[in-house]
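The following note is intended for a colleague who is meeting this structure for the first time. Please read the points alongside the sequence and the model.

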Amino acid sequence: MTADAELAMLHPADAEAAQGLGTVRAAYANDNRWWQNASFALPVLVTLTALGGGVIFRSTEALGFALFAAIVSLLMVPVVLFTWRSTATAIVLTSTGATALHRGRVLHALDWPDLRRIEVVEYLGNKRYKLVHGEDEYLTVESDFEGAADLVDRAFALSGLERQQPVQ
């Protein structure tokens, strides 16, 4: 897929911001949305299930639990929205570096000469990649990005960084 086709798949604000970053070599979108966060989605599902069970079985206990779960869901909305603001909705690779964007706002940027290594971190079946640069700085590529392994392959190619181990 060409860089222009990849840009067309981004959120319009991310695509517009990417145009100002230089020569775009590749663009990757994060298709997740804030409401898909488990801290919000699970209490909502519990609310709906308990509410449905309470209505069907005329259970006051289930309706009370549904009310409790609804309150938890509502309390989680600001927390999830706040953390969502720091989640990359796109990562754009240019000839000079990589930039993580959230709806057009730059979250993190690195220049290829500063890239020291790319780490693979696995935790509970989730795989993420860290593009480490500077002292303790890194750009994280979450598993939510479709083609995350391809993004890392392109980062190696564009940066000229030698692979320590193959990307899995």
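1. In this predicted model, the buried residues of helix 5 pack against strand 1, strand 2, strand 5, strand 6 and strand 7. The residues of helix 5 that are buried are Ala148, Leu151, Val152, Ala155, Phe156 and Ser159. They lie on the same side of helix 5, because the arc they cover around the axis is only 140°.

2. The length of helix 5 agrees with expectation, because its 12 residues, at 1.5 Å a residue, should span 16 Å, and its end C-alpha atoms are 16 Å apart. Glycine 160 follows helix 5 and has a positive phi, near 80°.

3. The largest nonpolar core has 21 residues, of which Ile91, Leu93, Trp112, Ile118, Leu131, Leu139 and Val141 touch the most other members. Two or more residues of this core come from each of strand 1 (24-29), strand 2 (90-94), strand 3 (97-102), strand 5 (115-123), strand 6 (126-133), strand 7 (137-141) and helix 5 (148-159). Helix 5 supplies the largest share, five residues.

4. A separate, second core is made up of 11 residues, among them Ala18, Val24, Ala29 and Leu101.

5. Which residues is isoleucine 118 in contact with, leaving aside its neighbours within four places in sequence? They are Tyr129, Lys130, Leu131, Val152, Ala155, Phe156 and Leu161.

Technical notes
Residues are numbered from 1 along each chain as its sequence is written. This is a predicted model: local features need pLDDT of at least 70, side-chain atom pairs count only at pLDDT 80 or more; totals for chains, interfaces and linings use all residues. Side-chain values use heavy atoms; hydrogens and water are left out. A nonpolar core is a set of buried Ala, Val, Leu, Ile, Met, Phe, Trp, Tyr and Cys residues joined through side-chain atoms within 4.5 Å. Buried means under 20% relative accessible area, exposed over 50%, partly exposed in between (1.4 Å probe, protein chains only). Helices (H or I, at least four residues) and strands (E, at least two) are DSSP runs, numbered from the N terminus. Contact means heavy atoms within 4.5 Å. The expected span of a helix is 1.5 Å times one less than its number of residues. The arc is that of the directions from the helix axis to the C-beta atoms.
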